[in-house]
Amino acid sequence: MLRLTDPVDLRASRAMDISDVESVCVMLGPYRNLTTLTASVMFLHPQCQVLNHAGRRIFGRREVDFLEEFSCEKLDRFIQFAIRISGKGRQGACGGSITHSHAFDARHAMQAAAEQADVPLIKPEIRCLFWKESHRVTNRLRDRPAAMHAMLQRDGRLRFLLPVRHPLDCAVSNIREGYEPMFPGLDTPAGPAAVMRGIVDDVVWFARWQQEYPQRFFHFFAFDASVATLVQLAGFMGLDPREDWLERAMSVVNIRSRYQHEASLIEAYREYVDARTPDMPNLRTALLALADRPSV
């Protein structure tokens with residue numbers, strides 16, 4: 001079906017006015033890393049349009065795959081196409097509207113918050129396009145630093161975001177969902193220690209880019225989910241930190257403890273963080289602090 005509808009949507013989106021779009025925020029890092037929660041919270045903002053997944057509909061499509069042979073014109077076409085398909089779609093890799101994700105199941109508060117805010121599927125004023133396809137995009141960019149530099153230097157609209165969940169929790173969750181093959185070079189089936197190392201590597205990789213482009217990369221830790229963090233996040237994307245959005249967002253940010261890890265695994269985590277962050281003391285301190293916090 002997508003082979004028929006995507007070309008139609010691509011053509012129809014060409015006339016779309018995207019002059020109000022000031023930023024394109026691309027999520028990076030592994031799956032199961034607060035990605036759906038973060039994208040859903042941003043969907044509640046009246047000026048933010050969220051595309052969930054849809055990588056297989058973007059990658060390799062010459063007109064919109066701005067990650068390959070970047071141009072500002074190609075990013076424009078991606079924005080138009082992404083907005084169009086983010087108003088429909090379905091759950092899973094097909095992607096589309098974030099409202100098809102599990103976060104909007106009837107048992108969660110997110111659905112009620114969106115209904116209360118009367119959030120339309122496509123916002124009338126879009127200042128930020130937010131794309132949640134974190135792990136697949138990360139894998140495409142990890143070994144292409146020249147392409148990353150080119151994108152960042154040629155178009156000021158691009159932003160990159162990384163939520164940081166406890167890497168051990170994230171590792172166990174990735175294993176449960178069968179996402180180990182997403183980590184390059186990882187033999188499968190893999191244990192939580194191996195997956196944890198891949199996750200820490202992603203965080204360190206992101207942090208090095210943030211050192212070089214501090215205005216274009218932003219990360220936050222799960223334990224820092226607060227009004228102040230949301231205000232920072234909105235500013236990073238060029239959005240107004242509206243009081244109604246902040247109130248609704250905080251009402252659905254419910255991060256609970258789920259996992260208990262063996263002492264040997266926690267020690268392996270500490271040792272790997274030490275080994276990977278000798279020249280990044282602030283990141284090292286924050287990552288090690290997770291070992292002493294309740295899992296989320």
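Let's start at Ser 40: setting aside neighbours within four places in sequence, Ser 40 is in contact (heavy atoms within 4.5 Å) with Ile 98, Ser 101, Ala 103, Phe 104 and Met 110. Keep in mind that this is a predicted model, where local features need pLDDT of at least 70 and side-chain atom pairs count only at pLDDT 80 or more, while totals for chains, interfaces and linings use all residues. Residues are numbered from 1 along each chain as its sequence is written, and side-chain values use heavy atoms, with hydrogens and water left out.

Ser 40 sits in helix 2 (residues 35–43); helices here are DSSP runs of H or I with at least four residues, strands are E runs of at least two, and both are numbered from the N terminus. Ser 40 counts as buried because its relative accessibility is 0%. Buried means under 20% relative accessible area, exposed over 50%, and partly exposed in between (1.4 Å probe, protein chains only).

Now hop to helix 6 (residues 134–141), where Ser 134, His 135, Val 137, Thr 138 and Leu 141 are buried. Seen down the helix axis, these residues fall within an arc of 165°, so they line one face of helix 6. That arc is taken from the directions from the helix axis to the C-beta atoms. Their cover includes helix 2, helix 7 (145–154) and helix 9.
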